[in-house]
Amino acid sequence: MSTSRRRTLLKVIVLGDSGVGKTSLMNQYVHKKFSQQYKATIGADFVTKEVLIEDRLVTLQIWDTAGQERFQSLGVAFYRGADCCVLVYDVNVNRSFDTLNTWHDEFLNQASPSDPKTFPFILLGNKIDVDGGKSRVVSEKKAMEWCASKGNIPYFETSAKEDRNVDSAFLSVAKLALEHERDQDIYFQTVVADPVPEVEQRSGCAC
Amino acid sequence: MDGKPKGSPFSSEKWKGQIEKDLPRTFPGHPALDEDGRNALRRLLTAYARHNPSVGYCQAMNFFAGLLLLLMPEENAFWALTGIMDDYFDGYFSEEMIECQVDQLVLEELVREKFPKLVNHLDYLGVQVAWVTGPWFLSIFMNMLPWESVLRVWDVLLFDGNRVMLFRTALALMELYGPALVTTKDAGDAVTLLQSLAGSTFDSSQLVLTACMGYQAVDEARLQELRNKHRPSVISSMEQRAKGLRVWRDTNGLASKLYNFKRDPEPLVSLSAEQLSDLTETSSGSTDDMYSGLTVNTEIDSLPDPKDQLVWLKVELCQLLEERRSAVLRADELETALMEMVKQDNRRELSAKVEQLEQELSDLRQALLDKQEQEQAMLQVLMRVEQEQKVTEDARIFAEQDSAAQKYAAHVLQEKYEEAMASLAQMENRAVMAETMLEATLQYQSSQQKAQLPSPSPSPRTPTRDASPSQVNQDSSQEFQPRRISLLAPFSLGWRDKNKGKQNVSDESTNGKLNSSTEQIVVDTPKKDDEKQGDSPQEGEQKVDTPRRDTEQRLETPEITTNSMQGQEEQLEEIKLD
């Protein structure tokens, strides 16, 4: 049963500075809703979404975290066992881009994955809709360069408000996570048990 | 960590950004939080940040302040907030958030104690209680429970003067929803269910009753005891995290860290040994040295006794050493596993290569055998061809010899033939000579005869006019005939035949033909001598005409003969001159 859980549940952590739109992205993806009035996330929030990848039904377990730096202290509890880490920054705020390194390193440090070099990250440059892109300060090129420096992290430019690229970004997340989880299974030589019950119990899925 | 600004104007600036971000995210849409309400909230939060820079501003405080502002004037709200933050939740929302983490460990122990079955199940699912209860505590259940329940909990909390109510409420919620949680089948379900169940805890009385009556044993003293028990581990993990981050940044990754462990474990152990000796030294020396030597966090300041600190540090050091050792072991294991994998890989690759090579070798051998067979066959064919060639060569030589012999024979024959031809030509010449000579002689004789018998000769035709010409001719010819025949029998048949023909013309036409043919020869001979060849049509005419003439104009023929005889005489004279 524990192996089946591992096989179908993918834990995704969403990190990034406060106010870059982590909660908005997550809600847009899971509930297809956008609101101007989100409450600040305290500690961490949690949603699940089922996705079909390569004929396989997997449940994305998305952890939305608080953006304030000091909440990183609590990260160790949430980060462990993650299959993918989504880094989010606001293309209109330089600082949110500059702190990406901290989030990246802090995650690897606290999640302490067995394969820090190859652990799947993904970068989302959010709020590309703001002011028609005029207030943008972080160029796509700069972001791509950063991604390249971190081992070719996939990069998506998104708008949670206009639902641009959100689905494709999270699909990529799911694929990366699935890939990583498979590698982990191989790495730990976990014997595959019957994964069927997982699918049975899910009746009312939102996708 | 050491750079915590204390009361400088910069500090308020530092929080300002976060406060501004959170103003619209505090109870968004609430009518009380209009422009004025937000300004008040900003002032309240900024004031507290300046009042207690060690906390400054932490997310969640905006909700507390917002709630307080809804209930009381701005200044009262400030003092209430200060009281809650500094007294109830000391060390909770500070930069390190240590007490928050400690409380979660304490709660987990309590839940483990009270609900072993539930915890068992959650462990099985891989769910940590803190995932859900952490946000509960941080927000003091705000946004987690229905408003009424939140306010009831706050009531009790403020009344109690400590945060025991947090634990009691959490335990009450576990008690209420534990049975449902046990039925969940994965971590996601468990967390989602607990969140949604808590959010629908509308029976605030039941909740408060369960919390306060059910968990009276959970009091401040008990909690302090548990907090003291768990605090070191939180602090150590904090240290570790800070160190880990430093190491992570220095060595650029845990992988290289592991690699370094694996490569030279000794230096690392000795390093830690050095640290240990440093520690023992500092225990006798000043505590300042120890601090500088170990770059300890400022949190250690809060620990009461240097001796306790020393013990705790030793414990931490031991833990670290243990961890390092295990890391080294893990690295070794990984290395051996890797090596084995590599070896296996190599072996597999090599065996595959060997197989491939063997296959190729056998292929080549087969090819070689085939080639050899072909070669042999070729050799045999070659031998046969050679033999045949020899045979044909022999045959050719024989044939050549034969042909040479034949050629020689042919040559000889040719020579003989040429000789014969030459002799024939000679004979002919001779014959011609003889003939001409004969003719010459004949003419000479006839001229002689003419000289001897002058009367008949000048007028040979006179008798013909008088008598029958045939008689005259017969007479003259009869005189010379015997001699002629005797001398020129083989050569001048024409003459005799002519004469005969002349005699028998009237008898037989066939004879006439014969005559004509002989006539031809007669005509031909002088031609040969003269080497004139353009007269053949005349000859034809003569041929054709002769039979008729034979019959019709017999009389003319003697003239012709005489004419020709005259021509021949002239020719002879010419030859003589030559």
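Predicted model: local features only at pLDDT ≥ 70, side-chain atom pairs only at ≥ 80, totals over all residues.
**Exercise 1. The make-up of chain A**

What share of the contacts in chain A with a separation of 6 or more is accounted for by residues 24 or more positions apart? Describe also the helices, strands and burial of this chain.

*Solution.* In chain A, residues 24 or more positions apart account for 76% of the contacts with a separation of 6 or more. As a next step, look at the secondary structure: chain A has eight helices and six strands, and along the sequence these follow the pattern α-β-α-β-β-α-β-α-α-β-α-β-α-α. Finally, turn to burial, where 58% of the 207 residues in chain A are buried.

**Exercise 2. The make-up of chain B**

Describe chain B in the terms used for chain A, and then examine the stretches that UniProt annotates within chain B.

*Solution.* Begin with the secondary structure, which in chain B consists of 22 helices and zero strands. Of the 578 residues in this chain, 35% count as buried, and residues 24 or more positions apart make up 72% of its contacts with a separation of 6 or more. Now turn to the annotation: an unreviewed UniProt entry places the feature "coiled-coil region" at residues 340–377 and 410–437 of chain B. In the model, residues 340–377 of chain B are 100% helix and 0% strand, with the end C-alpha atoms 54 Å apart. Residues 410–437 of chain B are likewise 100% helix and 0% strand, and there the end C-alpha atoms are 38 Å apart.

**Exercise 3. The interface of the two chains**

*Solution.* First take the interface as a whole: 49 residues of chain B are in contact with 44 residues of chain A, and the two chains bury about 4,000 Å² between them, 55% of it on carbon and sulfur atoms. Next consider the polar links, which include 13 residue pairs in polar contact across the interface, both residues being at pLDDT 80 or more. On the side of chain B that touches chain A, the residues divide into 24 nonpolar, 14 polar and eleven charged.

The count of salt bridges between chain B and chain A is two, whereas over all chains the count comes to 25. B:Glu95 lies in the loop between helix 4 (74–88) and helix 5 (98–114) of chain B, and A:Arg70 lies in the loop between strand 3 (56–65) and helix 3 (75–79) of chain A, so the pair joins two chains. Their side chains meet in a salt bridge of 3.8 Å, N to O. To compare the partners, recall that buried means under 20% relative accessible area: A:Arg70, with 2%, is buried, while B:Glu95, with 24%, counts as partly exposed.

**Exercise 4. Packing around helix 11**

Which helices of chain B do the buried residues of helix 11 pack against, and which contacts does B:Ala172 make?

*Solution.* In helix 11 (residues 204–214) of chain B, the buried residues are B:Ser204, B:Leu207, B:Val208, B:Thr210, B:Ala211 and B:Cys212. They pack against helix 8 (147–160) and helix 9 (164–182) of chain B. B:Ala172 is in helix 9 and is buried at 0% relative accessibility. Leaving aside its neighbours within four places in sequence, B:Ala172 is in contact with B:Leu207, B:Thr210, B:Ala211 and B:Tyr215. The C-alpha atoms of B:Ala172 and B:Gly214 are separated by 7.5 Å, although these residues are 42 residues apart along the chain.

Methods: Residues numbered from 1 in each chain as written. Chains lettered and ligands numbered in written order. Heavy atoms only, no water. UniProt positions renumbered as here; feature names shortened; annotations may be inferred. Helix = DSSP H or I, 4+ residues; strand = E, 2+ residues; numbered from the N terminus. Contact = heavy atoms within 4.5 Å. Buried area = accessible area lost by both parts, 1.4 Å probe. Salt bridge = Lys/Arg side-chain N within 4 Å of Asp/Glu carboxyl O. Polar contact = N/O pair within 3.5 Å; in protein donor to acceptor, adjacent residues only side chain to side chain. Nonpolar A, V, L, I, M, F, W, Y, C, P; charged D, E, K, R; others polar. Buried < 20%, exposed > 50% of the residue type's maximum accessible area, 1.4 Å probe, protein only.
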